[in-house]
Amino acid sequence: MTNRQDDYRQDDYDRPTDIGADTRLAQVGRRPEWTGIAGQPGGIVSPAVWRASTILYEDVAHLRAARSNQHERWFYGRKGTPTSWSLADALTELEPGAAGTMLYPSGVAAISCALMAVLKPGDTLLMVDSAYDPTRTFCEKVLRPMGINTVYYDPLIGHDIETLIDARTRAIFLESPGSLTMEVQDVPAIVAVAKAHGLVTLIDNTWATPLFFPALSHGVDISILACTKYIVGHSDVMMGSVTATEQHWPQIRSMAWMFGQMSSPDDCWLAMRGLRTLGVRLRQHQENALAVARWLKGRPEVGEVRHPALPDCPGHALWQRDFSGASGLFSFTLKGAEDETRTRFIDALRHFGIGYSWGGFESLALPVDPHAIRTAAPWRGRDPLIRLHIGLEDATDLIADLEQAFTASQSPL
Ligand SMILES: *Cc1c(COP(=O)(O)O)cnc(C)c1O
């Protein structure tokens with residue numbers, strides 16, 4: 001239906017399909033129009049930082065003509081510059097089946113704007129009970145007063161999600177694994193039910209990224225990343241992205257435009273720099289986190305180790321079936337311990353920072369208490385839970401650090 005002028009994908013741009021993920025990471029977002037040098041063949045390797053608000057036009061005719069097509073075209077700074085277009089395009093290229101990607105100033109902005117794009121008053125949203133806490137808050141504090149009802153479901157519900165669907169149900173939101181309690185969802189089963197009922201599916205795919213779980217290939221309509229985590233990878237930029245299929249992309253894009261969502265060129269440039277090493281970083285996060293998780297599993301102080309690649313984790317078999325890797329985030333319980341023991345343990349760690357977020361090169365530890373944020377599948381665990389993000393340090397150093405912290409935590413000062 002779109003004419004060539006309005007087409008948001010360039011027909012003359014070759015999309016390589018027969019290459020591996022690391023080759024793709026090296027090549028994405030480098031179209032000649034973004035890296036070329038005027039009057040000279042060749043160009044620079046990575047798109048530069050183009051900072052702009054006003055774009056100047058030759059005359060009124062050109063100014064008017066620019067209005068008709070603002071996607072990946074110089075128009076006004078809010079619609080981006082080659083720096084943001086190339087990052088968005090790179091994220092699209094990493095997600096087979098995607099038509100386009102929008103960028104946002106944070107992961108939460110991406111989630112809220114995607115939900116606003118698919119829901120209208122009177123609709124019901126099915127939200128996974130293990131969702132990121134601010135996602136729930138948005139459903140309760142923004143969507144509910146607008147007349148959009150949210151029903152929470154057990155992350156392990158699988159095909160039975162069908163029992164929750166009624167005439168008002170419009171969309172299903174997934175997050176797999178949940179970023180505190182790590183339940184892996186049966187995405188293909190839920191997607192099959194959604195398709196049978198004409199529902200939209202959205203996933204918060206921050207943990208796996210498209211490298212370990214290409215969500216759109218698994219039938220999901222809209223894939224959301226907190227780029228703040230692994231895409232940026234260096235704990236120094238806040239950013240979110242929404243990548244969607246042909247069917248949903250126009251609505252995602254226009255809602256982001258209407259809300260004035262964008263990311264600064266400097267942040268996009270840093271995110272692009274991070275993205276180039278996503279493959280090597282994720283493999284090392286995976287290797288280190290598995291070494292630490294397996295070591296923890298052998299410790300007498302530890303109860304459950306909730307790492308999707310280990311059998312303790314709810315949905316482990318689904319991870320084995322559907323994912324091609326595991327990143328650096330998991331959680332574990334301290335068997336029969338008191339809260340004070342957990343506090344002493346975390347405070348004693350030397351190589352782990354204590355702080356929110358994750359996905360950077362550095363390791364982090366966080367006490368987490370899911371009781372207050374669960375309704376459909378209440379958290380019944382009595383043992384204190386700790387979430388670790390395992391960074392790129394030497395795993396032997398991290399294990400030695402955890403070992404000394406166990407010793408320190410057993411003996412109150
Ligand atoms: C951090 C996070 C977000 C939000 O990202 P921000 O950039 O911090 O707003 C969303 N989902 C998950 C799973 C997260 O861990």
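A: Start with a term: a salt bridge is a side-chain nitrogen of Lys or Arg within 4 Å of a carboxyl oxygen of Asp or Glu. Between domain 1 and domain 2 there are five salt bridges.

A word on the source. The model is predicted, so local features need pLDDT of at least 70 and side-chain atom pairs count only at pLDDT 80 or more, while totals for chains, interfaces and linings use all residues. Residues are numbered from 1 along each chain as its sequence is written, and side-chain values use heavy atoms, with hydrogens and water left out.

Now the two partners. Domain 1 covers 10-276 and domain 2 covers 278-410. These bounds come from an automatic or database domain assignment. The C-alpha centres of the two domains lie 28 Å apart.

How many residues touch? Contact means heavy atoms within 4.5 Å. By that rule, 41 residues of domain 1 are in contact with 44 residues of domain 2.

Next comes area. The size of an interface is often given as the accessible area lost when the parts come together. Buried area here is the accessible area (1.4 Å probe) that two parts lose on being put together, summed over both. Domain 1 and domain 2 bury about 3600 Å² between them. Carbon and sulfur atoms carry 61% of that area. Three residues, Trp207, Phe212 and Tyr230, supply 25% of the area that domain 1 buries against domain 2, more than any other three residues.

Polar links come next. A polar contact is a pair of N or O atoms within 3.5 Å; within protein, one must be able to donate a hydrogen and the other to accept it, and residues adjacent in sequence count only if both atoms are side-chain atoms. Between the domains, 26 residue pairs are in polar contact, both residues at pLDDT 80 or more.

Which elements of domain 1 supply at least two residues each to the side that touches domain 2? They are helix H1 (21-27), helix H6 (133-143), strand S5 (149-153), helix H8 (209-212) and helix H10 (265-276). Helices (H or I, at least four residues) and strands (E, at least two) are DSSP runs, numbered from the N terminus. By class, this side of domain 1 has 19 nonpolar, 13 polar and nine charged residues. Ala, Val, Leu, Ile, Met, Phe, Trp, Tyr, Cys and Pro count as nonpolar, Asp, Glu, Lys and Arg as charged, and the others, Gly among them, as polar.

Zoom in on one residue. Leucine 318 lies in helix H12 (residues 316-322). Leaving aside neighbours within four places in sequence, leucine 318 is in contact with Val184, Gln185, Asp186 and Phe323. Leucine 318 counts as buried, because its relative accessibility is 18%; buried means under 20% relative accessible area, exposed over 50%, partly exposed in between (1.4 Å probe, protein chains only). Proline 214 is 104 residues away from leucine 318 along the chain, and 15 Å separates their C-alpha atoms.

One last detail. The peptide bond from serine 176 to proline 177 is cis, with omega near -10°. Proline 177 sits in the loop between strand S6 (169-175) and helix H7 (187-196).
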